[in-house]
Structures are given as structure tokens and as C-alpha cells.
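Please read them with the structure open beside you.

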Amino acid sequence: MASLPEAVHCGWITKRGARRKSWKRRWFVLDKKAILSYYVTESARIQKGKLDLCQMLRMGEVKKKTPASPGGTIRFEIVMPTRTYLFVADSVEAHNWMEAIRSTVRALNATKRAL
């Protein structure tokens, strides 16, 4: 089982696939090094992927409806150099995730600048 001692925020989010464009519910874990990992189950045994958020170009709410998107009140995206990740979550959870990501990336960047 994966060890998650540095987890800053974790929970379920629905993510759109890169190739098949289907929506999958995944367990996400954000660590203090600004790595956002995602798994099939909450036990975090099988990692499906990860994003190094220090490379993130931008993040924000998507105002237009994404084709064939599942229920959820807020759609948001994380734009990376090689891919744009689309997510759907209820309003509170989406805003909690975006704030956790922003504050973790800010804190890590401040630490790097101080060195």
C-alpha cells in the first residue's frame, strides 16, 4: 500500500480521460511537494497517474459545458505543458481542491526562493 505521510489534501474527483474522453471517478492525493497523484481506489494501491503541479501553466474554472460531462456543479481544468486535465466536482469540493493546489504550489515556490 502506498504511504501518504505528506498528503495535504485528498478526495474523490471525476476526471476526463486523455484518449477515450470518458469520465472516471478517481481518488486524488495532493502532497506537500505539489505532486497530485490519482488512483482507482481510496486505498491508493494502484496509481493511475500523477501531475507535477510545479509545471502547471494555469488552473481555473471552466465556464462552458464540456461535452458528455457527468453531473457536478463545477468544472475546472489544470493546464500542463503536454495536456489539459478536466475535472468535475461539486462546488465546495472543486473550490477546496483549487485552493489546496494554489496554496501548496505557492508555499513550495516560496520555499524554493528562500533557498
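1. The chain has an average pLDDT of 88, and 88% of the residues score at least 70, pLDDT being the predictor's confidence in each residue, from 0 to 100. Among the elements of the chain, β3 has the highest mean (96) and α1 the lowest (90); helices (H or I, at least four residues) and strands (E, at least two) are DSSP runs, numbered from the N terminus. As this is a predicted model, local features need pLDDT of at least 70 and side-chain atom pairs count only at pLDDT 80 or more, whereas totals for chains, interfaces and linings use all residues. Residues are numbered from 1 along each chain as its sequence is written, and side-chain values use heavy atoms, with hydrogens and water left out.

2. Seven strands form an open sheet with antiparallel pairing in the order β4-β3-β2-β1-β7-β6-β5, where two strands pair if DSSP finds at least two bridges between them. β4 (47-52) and β5 (58-61) are the edge strands, each pairing on one side only.

3. On one side, β7 (residues 84-89) pairs with β1 (residues 7-16) in the antiparallel sense over two bridges, with T14 opposite V88 and K15 partnered by F87. β6 and β7 also run antiparallel, joined by six bridges, and form a hairpin with four residues between them; here E77 has L86 as its bridge partner.

4. Five of the six residues of β7 are buried, that is, under 20% relative accessible area with a 1.4 Å probe, protein chains only, against over 50% for exposed and in between for partly exposed.
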